[in-house]
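Please look over the sequence and the three-dimensional structure shown here before reading on.

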Amino acid sequence: STSWANVIPCISSTDCDLACFQEMSRFGENVDCAIVAASFAGYQACIHGSVQTDNGGLSSGVAIVSPKSHAIFDVPSLHGVTWPPSERFVLKGWHGLFPKGVPVGSIYCETGADNNALLHCVGSVLRALGVPFLLGGDFQMTGQELHDTGWAQSVNASIVMPHGFTYVSGSHMSSIDFWVVHNDIMPIVT
């Protein structure tokens, strides 16, 4: 969804413990308002805002949302690791699977671009963590295409595809939004 107004109804209508969103169309104080709205609805949200385009529009922006009962929290600093652009990647800890938490990321790859540098940077962060993780994203490619790059394998992870299409615009339909899950926790992730 590209509208924050759809986020809370979307996750409230499902049995959802964790959601990652991309292309949030939030900038500046609108990010703070969205975080407060999520809190009033019983959710905790971490939102990295969009960037303004040359045409005055908004692009990018990523978020992680979870019920307050499964708190999200800051992950330890990773000194010496180059961090991806904040409008394209957010990483938090999440208390939904383990008492000590698990890192959860949300990634938004750029439409029509070579995303190898972004994926390399995110991969470096995930490997530096040295623990299992969950990564939800809009990868701008199918799961098979990402698999063929070898990237998921390079971070010891598997691609988990949802049922059906994740992007529909007119007659164009594709599945470019999915999870990348560290292999050590694949057996417990549903």
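## A serine in a strand

S106 is found in strand β8, which covers residues 102-108; helices (H or I, at least four residues) and strands (E, at least two) are DSSP runs, numbered from the N terminus. This is a predicted model, in which local features need pLDDT of at least 70 and side-chain atom pairs count only at pLDDT 80 or more, while totals for chains, interfaces and linings use all residues. Residues are numbered from 1 along each chain as its sequence is written, and side-chain values use heavy atoms, with hydrogens and water left out.

S106 counts as buried because its relative accessible area is 0%, where buried means under 20% relative accessible area, exposed over 50%, and partly exposed in between (1.4 Å probe, protein chains only). Leaving aside neighbours within four places in sequence, S106 is in contact with several residues, including F21, I64, V90 and L135, contact meaning heavy atoms within 4.5 Å.

The side chains of S106 and Q22 are joined by a polar contact of 2.9 Å. A polar contact is a pair of N or O atoms within 3.5 Å; within protein, one must be able to donate a hydrogen and the other to accept it, and residues adjacent in sequence count only if both atoms are side-chain atoms.

## Cysteines without a disulfide

How many disulfides does a search of the whole structure find? The search finds zero, a disulfide being a pair of cysteine sulfur atoms within 2.5 Å. C20 is in no disulfide, and the nearest cysteine sulfur, which belongs to C16, is 9.1 Å away. C20 counts as buried, since its relative accessibility is 14%.

C46 is likewise in no disulfide, with the nearest cysteine sulfur, that of C20, 10 Å away. At a relative accessibility of 11%, C46 also counts as buried.

## An exposed loop residue

D15 has its place in the loop between α1 (7-12) and β1 (19-22). Is D15 buried or exposed? With a relative accessible area of 78%, D15 is exposed. From C-alpha to C-alpha, D15 and E110 are 29 Å apart in space, and they are 95 residues apart in sequence.

## A partly exposed methionine

M173 lies in strand β12, made of residues 172-174. The relative accessible area of M173 is 43%, and M173 is therefore partly exposed.
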